[in-house]
Number of protein chains: 4
Amino acid sequence: MIRAGIVGGAGYIGGELLRMLLGHPEVEVAAATSTRLSGRRVDGSHPNLRGLTDLSYVAPEQLPECDVLFFTASSLDDPAGRAELAARGKVVFDLSADLRLKDPALYRKHYGREHPVPELLADAVSGLPELHRESLRTADLVSVPGCMASASILALNPLAAAGLIESRVTVDGRVGSSGSGASAGEMNLHSERSNVLRVFAPLGHRHQAEISQATGLEALMTATGVDAVRGVQVVIRATARPGVTEAAIRAAYRTAYAAEPFVRVVAQKRGNYRFPEPKLLLGSNYCDVGFAYDAASRELLVIGALDNLVKGGAGNAVQSMNIRMGWDERTALGFPGLHPI
Amino acid sequence: MIRAGIVGGAGYIGGELLRMLLGHPEVEVAAATSTRLSGRRVDGSHPNLRGLTDLSYVAPEQLPECDVLFFTASSLDDPAGRAELAARGKVVFDLSADLRLKDPALYRKHYGREHPVPELLADAVSGLPELHRESLRTADLVSVPGCMASASILALNPLAAAGLIESRVTVDGRVGSSGSGASAGEMNLHSERSNVLRVFAPLGHRHQAEISQATGLEALMTATGVDAVRGVQVVIRATARPGVTEAAIRAAYRTAYAAEPFVRVVAQKRGNYRFPEPKLLLGSNYCDVGFAYDAASRELLVIGALDNLVKGGAGNAVQSMNIRMGWDERTALGFPGLHPI
Amino acid sequence: MIRAGIVGGAGYIGGELLRMLLGHPEVEVAAATSTRLSGRRVDGSHPNLRGLTDLSYVAPEQLPECDVLFFTASSLDDPAGRAELAARGKVVFDLSADLRLKDPALYRKHYGREHPVPELLADAVSGLPELHRESLRTADLVSVPGCMASASILALNPLAAAGLIESRVTVDGRVGSSGSGASAGEMNLHSERSNVLRVFAPLGHRHQAEISQATGLEALMTATGVDAVRGVQVVIRATARPGVTEAAIRAAYRTAYAAEPFVRVVAQKRGNYRFPEPKLLLGSNYCDVGFAYDAASRELLVIGALDNLVKGGAGNAVQSMNIRMGWDERTALGFPGLHPI
Amino acid sequence: MIRAGIVGGAGYIGGELLRMLLGHPEVEVAAATSTRLSGRRVDGSHPNLRGLTDLSYVAPEQLPECDVLFFTASSLDDPAGRAELAARGKVVFDLSADLRLKDPALYRKHYGREHPVPELLADAVSGLPELHRESLRTADLVSVPGCMASASILALNPLAAAGLIESRVTVDGRVGSSGSGASAGEMNLHSERSNVLRVFAPLGHRHQAEISQATGLEALMTATGVDAVRGVQVVIRATARPGVTEAAIRAAYRTAYAAEPFVRVVAQKRGNYRFPEPKLLLGSNYCDVGFAYDAASRELLVIGALDNLVKGGAGNAVQSMNIRMGWDERTALGFPGLHPI
C-alpha cells in the first residue's frame with residue numbers, strides 16, 4: 001500500500017480522485033485537504049462516498065508525507081506554498097492547467113498572465129498515457145491535460161501521426177456544467193444553465209494550444225456548454241490528404257489503439273450509438289473516438305467523447321499513477337459506464 | 001393607458017411581470033426598479049425581452065407616481081421605505097409572502113419572526129381571482145398567494161366548499177428551480193440541482209397554512225424540488241366523505257370552474273396527459289386541476305399544476321389587475337402553453 | 001375572417017399551426033385532417049389546446065373548400081390525391097421538403113428518389129419572409145424551408161449578400177427531438193434519446209443544399225441531436241474576406257434586419273446569453289442571429305437559433321400567410337419566449 | 001467459475017445483468033438469449049459493453065445448461081416453454097412479476113388474469129437479501145421484487161417490524177423511463193416523456209400489494225413518471241404510534257441495517273443531499289433510506305431511493321446469487337455511484 005494525498009479534495013475532480021483511490025487495492029488515502037472544509041467529513045461534499053470512508057478534510061498545512069500527491073488547483077495564488085506542499089510527495093500529479101503548455105510564452109498568450117512556475121515545465125510529463133506511457137514510467141511530475149484537449153488529441157493524433165490529414169482542423173467542443181467546478185456563479189445556476197446551448201468560447205478556446213502542441217496540427221476551437229453535468233464531446237472537421245481511403249483511416253486508429261485499454265474506436269454505419277456518445281461514458285475511463293469520411297470530397301469528421309472528470313481528469317491521473325507504480329494500469333478504473341442513462 | 005411600476009424588476013417574477021405588461025394594450029410600464037442594476041437595460045437580465053423594450057432599471061428612490069405598483073419582494077428589511085414607495089401607487093400588488101396569512105401569529109409560527117407590517121393585513125385582498133373576484137374589483141392592496149398554495153387551493157376548494165372530503169389532506173408539492181429565485185447559492189448550481197428529487201421540506205411546508213386558511217382543511221405538506229426550471233405540481237391525497245360519487249366530484253369542479261377562463265379540469269381515463277402536467281403550462285396562466293377516485297375505498301387523489309411564475313405569481317397579479325381595472329381579465333394572458341415541450 | 005385548413009393536423013407542426021391559427025383574429029380554422037385520428041378531438045393530441053377549441057379531426061376526403069391550406073407532409077405517397085386536396089385551397093402553404101430545392105436533380109441527389117411533383121417547382125415561392133417578402137405578397141404556393149436551413153440562411157445571407165465572406169462555410173446544426181415528429185421509433189425513446197449528443201448526420205446533411213441555393217455559398221453541414229424537445233442552433237465557421245472589419249459585419253446585419261420584426265442580432269461581449277440561444281425562443285417566432293469575429297485571423301463564427309416548430313416551420317408559414325393576405329405580419333405571432341426556462 | 005445464462009438479454013435489465021456478470025470474477029456468461037436479435041452482438045444493444053465482450057445473442061432454444069439462470073420476462077406467454085428453459089439451470093432468478101405475490105388471488109386482482117404458474121409459488125424465495133438472506137442461501141428459485149416495492153419495503157420494514165408505525169401508509173413513487181423497458185410506445189417518445197410529472201398510476205399501483213405482503217402494513221400507492229431515465233424514489237407518509245421518539249426510529253434503522261452492505265441511512269438536518277436521492281445511486285447497488293419526524297404530531301415521512309435497474313432489479317439478483325453461492329455478497333457490485341451527476 002502506498003500513501004496518497006489530495007490537495008484540494010472538495011472539488012469535483014477531488015471527489016472523483018477520492019472515489020477511485022478509495023477503491024484502489026494498492027492505495028491508502030492518507031489525506032485530502034480543503035481550506036474551507038477542514039475538519040468536515042469528505043462524504044459531506046461527496047455524498048456518493050457515504051459508507052465508503054470516514055475521512056475528514058485536513059487543512060493544507062496538515063498534509064502529511066505521501067508517496068503520491070494529487071493537486072487539483074493551480075499554484076498561481078501561492079507558488080511558494082505550493083512548492084512546499086509538493087515536496088511532501090515523491091510523485092506529483094498536477095490536474096491544474098499550469099503545466100500543460102510547455103512554452104511559457106504560449107501560456108502567457110492564452111491565460112493572460114505570466115507563468116507562475118516556469119521552472120517546473122521542463123520536468124513535467126503529460127499524463128496522457130496513450131501518448132506518453134514510457135515517460136510516465138519514471139516521471140515524478142505529471143501534468144494531466146485538459147478535458148477537451150484530451151478528447152481531441154486522442155481523436156486526432158493517430159491521423160496526424162500517420163500524415164493522413166491536412167494541418168488545419170476546426171474543433172467544436174461541447175461540455176457539461178461540472179467543468180465549471182463546484183463553486184461557481186450566477187451563470188451556473190440551474191435556472192440559467194439548464195437547457196442551454198451556450199457558446200461560451202466562440203473562437204480561440206485555450207485548449208486549442210494544447211491540441212496543437214500534442215498533434216502538430218493547427219486547431220481552431222469553439223466551445224459550447226450543453227445541458228449535461230458531465231461529459232465532453234469534440235466534433236472535429238478535417239480534410240484528408242489526397243488519396244487517403246477510409247481503410248487507411250481505420251487502420252491508423254487500429255494501429256494506435258488496438259492494445260489500449262481505455263480507447264475504443266466507435267464508427268458504425270447504423271444504430272443509435274454510431275459515434276462516440278459521452279452519456280455512455282459517465283464514470284468510466286474510456287475515451288471513445290470515431291469518424292465519418294467522404295473520400296470524394298476528402299471531408300473528414302472526427303469525434304471524441306469522454307467523461308471530463310474521469311478520462312478528462314481524475315481517471316487519467318490514476319491511470320498515470322498505475323503506470324508510474326508498475327501496476328496493471330486498469331486498476332480501480334474498471335467501471336464501464338451505463339446504458340440506458 | 002395606465003402607468004405601472006415594478007419594484008424589484010430584475011428577479012424572475014419581475015421578468016414575467018415585464019413580459020406581460022409590455023404586451024398589455026392598456027398598460028404602459030413607467031418604471032422597473034433594481035437596486036443592483038439601476039441604469040442597466042432590463043433586457044440584460046431578461047433576454048427574452050430583447051427587441052420589445054428599451055427600458056432600463058431605475059433605483060427605487062426614482063420610482064415615479066404610478067397607477068398600479070407591483071412589489072416582488074418582502075417589506076421585511078425596510079417597512080418604512082416600502083410604505084413610502086407603496087404610496088406612489090394607487091393600487092398595490094404584493095407578490096411577497098408578507099400578506100398571505102391573515103393572522104400575524106400564524107406568520108410568526110411559519111416564518112420564525114414578527115410580522116413586519118401587521119397594520120396592512122386587514123385591507124389586503126387575496127389575489128386569487130377564482131375565490132376573491134368580487135373583492136378584487138375594489139381592492140387597493142392585493143396579496144398574491146404562493147405558487148404551491150395557489151395550485152392546492154384551486155384543486156381542493158370546490159371539494160371542500162361542497163363538503164365532499166374529510167378535513168385532513170396530505171399535499172405533495174413538486175417544484176422547479178425558478179422558485180428559488182435569480183440569486184441563489186451553491187445548492188442551486190446546475191451540477192447539484194440537475195436530476196434531483198430533492199425533498200427540501202419533508203414536513204410542514206409553509207404553504208400548508210395558506211391552504212388551510214383558504215379551504216378550511218387541515219393540510220400536511222411535503223415539497224420536493226424536481227429537475228425543471230418552471231412548474232409546480234401538487235398531488236394531494238384526500239378521503240371522500242361516505243356516499244360521495246365520482247359524479248359528485250366532477251360536478252363540484254364543473255360548478256366551480258365552468259366559467260373560469262384560467263382553470264381547466266383535466267381528469268381523463270387514458271392518454272399521455274390524463275392529469276394536470278406542468279410542462280404543458282409553461283408561460284401560460286392556466287391552472288389545471290384533476291382527480292382520480294375509488295368510490296369503494298373513498299380514496300381520492302387530487303392533482304393541480306401551474307407555472308409558478310405565471311398563475312403561481314405574475315399571472316395571478318395581472319389577472320387581478322385586469323379585474324380591478326374592469327378590463328377583460330384575460331388581457332395579456334392569452335398564451336396557452338406549448339406541446340410538445 | 002378567412003377559412004383555413006390543415007392537412008395533417010395531428011403532428012407537431014400541425015399542432016403549432018392550430019395554436020397560432022386559433023389565436024388569429026382574421027382566421028377561422030375550418031378543418032384539420034388526420035387519417036388516423038379522424039373523428040377525435042384535436043386537443044386529444046395537442047393537450048395544450050384544451051379549452052381553446054372543440055374541433056375534431058376530419059378525414060382528408062372531408063376537407064372543405066378553404067381560403068388557405070397548410071400541408072404538413074410530403075405529397076410523395078400520393079401526388080394525385082394531394083393535388084386534388086390542394087385544389088380546395090386558394091393559397092397553399094407546403095411545410096414538407098417537397099418544394100424546397102428548385103432543381104429536381106438536386107432533390108434526387110439529396111433525397112434518393114425522383115421528385116414527386118416537379119411541375120410545381122416553378123411556381124413555389126420560399127416561405128422565408130426576410131428574403132422573399134415581395135414575392136410572397138402574390139404567391140399562391142409557398143414552400144416553407146427546413147428548420148436548420150432557415151436558421152443558417154438568416155444567419156449567413158447578410159454576409160453573403162454583402163460579399164463579406166469566402167464561399168466555403170461549415171455548418172454545425174444542433175436539434176431537439178421534436179424534429180423527428182410525433183410518430184417515431186426506438187431511437188427516439190426517452191431512455192435512448194435523453195442526454196444525447198448524437199451525431200446523426202456527420203457529413204452532407206440535406207439542408208446544406210437549401211443553404212447553398214439561398215446564399216450562393218458552399219455549405220458543409222453536420223447535425224447533432226441534443227437533449228431538447230424543441231430548438232435549433234446552427235454554429236457556422238466562415239472566413240471573412242481580406243480587410244473585413246467587425247463593424248462591416250455588424251453593419252451588414254443591421255442593414256438586413258433593422259426593420260425585420262422577427263430577426264434579432266444577438267452578439268454581446270459578455271453575459272450569459274451573449275449569443276443566440278434556442279431555449280429563449282421556445283414558442284416564439286424569432287430567429288436570433290449573432291457572430292464573433294477575429295479580424296487578425298479572419299476567423300468568423302456565425303450563430304443562429306430558432307424554435308424548429310415555429311420560425312423553423314409553422315411560424316414562418318403563418319408569417320407568410322399574413323404577408324400574402326396583407327395583414328400586419330406579426331399577427332398571432334406575438335409570444336416572445338420565456339426566461340428563465 | 002460457474003456458468004450463467006440470461007433469458008431475455010436484450011432489454012434493460014438484461015443489459016445490467018450482463019454488465020455485472022461480465023465483471024464478476026466467479027462467473028462466466030455462457031449465453032444471453034434474444035428471440036429478435038439472435039446472432040447479433042450484445043454490445044449492439046448495450047453499447048456500454050463495447051470492448052468488454054464479443055458475445056452474441058442466441059435463440060432461446062439454443063440456451064445451454066447453466067449453473068444459474070436469469071429470466072427477465074414473464075412466463076405468461078408460454079409457461080411450458082419457460083419451464084423447459086428453466087430446467088437448464090440449477091438455480092433460477094426470476095426478475096419478472098410472476099412470483100412476487102405469494103397468493104394467486106392477489107395476483108389475479110392486481111394483474112387482471114389467472115396466475116400463469118401457481119405451482120412455482122411455494123418454492124420461490126424473495127430476492128431481497130436484507131429480509132431473506134438465510135432462505136437465499138439454499139434457494140433454487142428466487143423472485144426478485146419490483147423496483148418501487150424494494151425501495152418501499154427497505155424503507156418501511158424496520159419501522160413495521162419494530163411496531164413503531166400505524167398500519168396505513170401512503171406511498172408516492174417516482175420513477176424514470178427505463179422502467180417502461182426498451183420496447184415501448186408513443187407515450188415514451190422523448191418529445192412526450194421529457195419534462196413530465198406524469199401521474200400514471202393515481203391509485204392502487206400494483207407494487208402496493210408487494211409492500212403489504214412484506215411489511216404487514218396497509219399501503220396505498222401512487223406513481224409518477226419523472227424526467228429521468230433511471231432511478232426510483234418513494235416518499236411515504238406514515239403515522240408513528242403514540243410515544244415513539246426520533247431516537248427510536250433511528251435505532252430501528254441502525255439495528256436493521258448497520259451490517260448491511262447495500263443499505264445506507266440518509267437523514268441529515270442540512271445539506272443538499274439530506275435525504276435519499278436517486279441520482280447519486282445510478283449504477284450502484286445501494287438503497288438509501290431516510291426519514292423526517294415530527295414527534296408532536298407523530299407525522300413521519302419515510303424516503304427510499306435506488307436505481308431501478310440495479311438494486312431494483314439486476315443488482316438484487318446478483319447479490320442474491322452471491323449469497324446463494326457462498327461468495328462475498330458485494331462481488332461485482334462495488335460501483336458506488338457518482339457525484340456530481
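Start by selecting A:Cys147, the residue that UniProt lists, in an unreviewed entry, for "active site". Keep in mind as you look around that this is a predicted model.

Is A:Cys147 buried or exposed? Its relative accessibility is 15%, and the cut-off for buried is under 20%, so A:Cys147 counts as buried.

Now bring up what surrounds that cysteine. Skip the neighbours within four places in sequence, and A:Cys147 is in contact with A:His207, A:Val232, A:Leu306, A:Asn308 and A:Gly312.

Next stop: more cysteines. How many disulfides does the structure hold over all chains? The count is zero. Click on C:Cys287 to see an example: this cysteine is in no disulfide, and the nearest cysteine sulfur, belonging to C:Cys147, is 11 Å away. C:Cys287 is also buried, with a relative accessible area of 0%. Hop over to chain A and pick A:Cys66, which is buried as well, at a relative accessible area of 4%.

Stay with chain C for the next view and colour its strands. Which strands make up the open sheet, and in what order? There are seven, running E8-E9-E7-E10-E13-E12-E11, and their pairing is mixed. Find the two edges: strand E8 (197-201) and strand E11 (263-265) of chain C each pair on one side only. On average, neighbouring strands in this sheet are turned by 20 degrees against each other, if you ignore direction.

Zoom in on one pair of strands there. Select residues 287-294 of chain C for strand E12 and residues 299-306 of chain C for strand E13; the two run antiparallel and are joined by seven bridges. Within that pair, pick C:Phe291 and look across to E13(C), where C:Val302 stands opposite.

Which three residues supply more than any other three of the area that chain A buries against chain C? Select A:Leu197, A:Leu203 and A:Asn272: this trio supplies 20% of that area.

Terms used: Residues are numbered from 1 along each chain as its sequence is written. Chains are lettered from A and ligands numbered from 1 in the order in which they are written. This is a predicted model: local features need pLDDT of at least 70, side-chain atom pairs count only at pLDDT 80 or more; totals for chains, interfaces and linings use all residues. Side-chain values use heavy atoms; hydrogens and water are left out. UniProt positions are given in the numbering used here, feature names are shortened, and annotations may be inferred rather than shown by experiment. Buried means under 20% relative accessible area, exposed over 50%, partly exposed in between (1.4 Å probe, protein chains only). Contact means heavy atoms within 4.5 Å. Two strands pair if DSSP finds at least two bridges between them. Helices (H or I, at least four residues) and strands (E, at least two) are DSSP runs, numbered from the N terminus. Axes are lines fitted to C-alpha atoms, for helices over the stretch in contact, and angles run from 0 to 180 degrees between N-to-C directions. A disulfide is a pair of cysteine sulfur atoms within 2.5 Å. Buried area is the accessible area (1.4 Å probe) that two parts lose on being put together, summed over both.
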